[in-house]
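Student: Before I plan anything around this model, I would like to go through the terms used to describe it and see what each of them rests on. Could we take them one at a time?

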Amino acid sequence: MIIRTLFLKIFIAFWLTMALTIAVFYLMFRISNAESLPERATRGAFGETLTLYAESMVRIYEREGPQALEQYVHRAFKESSTETFLFDGEGRAITTENADSVAGVARDIVAGGPPPRTFPLFNLGVTRATWGRPVISPSGRRYIFVVRFRQPTGPPGFLTPVRIGVSILIAGLVCYLLGLYLTLPLKKLQSTVKAFAGGNLDVRVGPEIGHRHDELADLGREFDEMAERIAALISSQKRLLADISHELRSPLARLTVALELARKNTNGKGFVALDRIEQESERVNKLVGQLLALTRLESGAERVPPETVVFEELVQQVVDDASFEVRPLHKEVRAIGLEQCRVRGSAELLRSAVENVVRNGIRYTAEGTAVEVTLRWHMETAVLTVRDRGPGVPEAELQHIFEPFYRVSEARERTSGGVGLGLSIAERTVKLHGGTIRAENVLGGLLVTIELPLAPVPAETRQSLENLPVT
């Protein structure tokens, strides 16, 4: 299974690391305590300490007597919680307190067999280990030294399986919070970048992660600075287009008036030139109108009115008008299967969008072929498709054909017509109505699909539909 989210990668990596750390600590403790205290009593510093205890007890007993030995035993117990005992060579107890409980170890040593490594005695739930060894005094007498340790048989109480499990769960919670702390700013940055790419130039990440003081906060601030510059550039571009478009309106209007006056004061030979000037003037006037429409859509000045549009009738009207206009070009526009669809919005804006898409198909469809328009509804969506029989669009350029003034390289000749604004206006209009538009190459042409949300069905209409008899 491939883990695709950074949060899960951080969470699982940290949790496994902490769980392995706890497990390694536990194993190291168990290994270090695998040897019982009696086993360690035969070697190393611990063995030397026990030898010192044995020799001290023998020396005190021989020099100072049993009473001094008892005092030494009590003092050793208070200091180390370790009980020490001394027996003579025949196994008789010299120290009297609790000596009977370890007499078996002394008897085994007297009998010549090895003393048992552990002699478990249970005292208040704590298992204790007993160990003994023979000792020869400087005077040559033989004694038996026995020691009983305070040694739990298993790991300490804080290393129980339940507590280890709880520790791993707590570690998981800490790793979860740490993963959130590290990845939440990235998710915020991701959603902001997506919104910015979708056209919302006002989104910023500063209010969400600006309080941090790390590299993620620096990344957020740099993104905000970049977004500010891009938004300023786009805003100035739109403002420039709007200003130029408005400024061109007045000269074009004066040019139209001048053309009419020139027609009245010229002879028949000048009409051809004047007609050409009028044609170019109308073309520029149309371009200015498209620029103004695009500027209004992008600036948010256009508002979608809350009216219901009979979408199939609107599409049929566009098809009829376009079909009439393309007859001299030996092309057709066909409506195939226009299903009943009601959408909410502006009929004028939607008509402009559909018309721009249909005219784009007419422009590039081959002579003698037809542009096919279909309308159907699926779930809660009206789906309009426009298919031409032209050369299509290179795959690398499909995502750009809805950008303003963008024209496919093969269509840059003056004879193709258009300036690359029709599809841009259609895309902005569809988005304004809450829909989507996309283009894809199909066998023998280009297919443009528009999806718009259907208008909600009124309660009385829904009830009348439900009451219809089922056949």
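Tutor: Let us start with the elements themselves: helices, of at least four residues, and strands, of at least two, are DSSP runs, numbered from the N terminus. The model is a predicted one, and counted in this way its chain holds 13 helices and 11 strands.

Student: Why is Asn98 called partly exposed, and why is His330 called exposed?

Tutor: Exposed means over 50% relative accessible area and buried means under 20%, with partly exposed in between. Asn98 has 42%, and is therefore partly exposed, whereas His330 has 53% and is therefore exposed.

Student: What makes Arg92 and Asp88 a salt bridge, and how is each of the two residues classed, buried or exposed?

Tutor: The cut-off is a side-chain nitrogen of Lys or Arg within 4 Å of a carboxyl oxygen of Asp or Glu; the closest N and O atoms of Arg92 and Asp88 are 3.1 Å apart, and the pair forms a salt bridge. Arg92, at 52% relative accessible area, is over the 50% limit and so exposed, while Asp88, at 16%, is under the 20% limit and so buried.

Student: How do you know that Asp218 and Arg221 form a salt bridge, and where do they lie?

Tutor: Their closest N and O atoms are 2.4 Å apart, and the limit is 4 Å. Both residues lie in helix α8, three residues apart, which is about one turn of the helix. Asp218 has 36% relative accessibility and hence counts as partly exposed, and Arg221, at 36%, also counts as partly exposed.

Student: What makes the salt bridge of Glu312 and Arg342 a link between distant parts of the chain?

Tutor: The side chains of Glu312 and Arg342 meet at 2.7 Å, N to O. This pair joins helix α10, which holds Glu312, to strand β7 (residues 342-344), which holds Arg342, across 30 residues. Glu312 is buried because its relative accessible area is 12%, and Arg342 is partly exposed because its value is 34%. A search of the whole structure finds 13 salt bridges, and Glu325, Glu355 and Arg359 are linked in a network of them.

Student: Which strands of the five-stranded open sheet are called edge strands, and why?

Tutor: The order of that sheet is β6-β8-β9-β11-β10, with mixed pairing. Leu338 stands opposite Leu375 in β8. Helix α12 (residues 422-432) packs on the sheet and touches β10 and β11, its direction making about 135° with that of β10.

Student: Why is Leu443 called exposed, and which residues does it touch?

Tutor: Leu443 has 79% relative accessibility, which is over 50%, so it counts as exposed. This leucine lies in the loop between β10 (436-442) and β11 (445-453). Leaving out residues up to four places away in sequence, Leu443 touches Arg387 and Arg389.

Student: What makes up the nonpolar surface patch, and which helix gives the most to it?

Tutor: Met18, Val162, Val166, Ile170 and Val174 make this patch, of about 430 Å². Helix α6 (residues 161-197) gives the most, with four residues; Ile170 is found in that helix.

How values were computed: Residues numbered from 1 in each chain as written. Predicted model: local features only at pLDDT ≥ 70, side-chain atom pairs only at ≥ 80, totals over all residues. Heavy atoms only, no water. Buried < 20%, exposed > 50% of the residue type's maximum accessible area, 1.4 Å probe, protein only. Contact = heavy atoms within 4.5 Å. Pairing = 2+ DSSP bridges. Axes fitted to C-alpha atoms, helices over the stretch in contact; angles between N-to-C directions. Patch = residues over 30% accessible without salt bridge, like charges linked within 9 Å, V, L, I, M, F, W, Y side chains within 5 Å. Areas by Shrake-Rupley, 256 points an atom, 1.4 Å probe, with all protein chains shown as cover.
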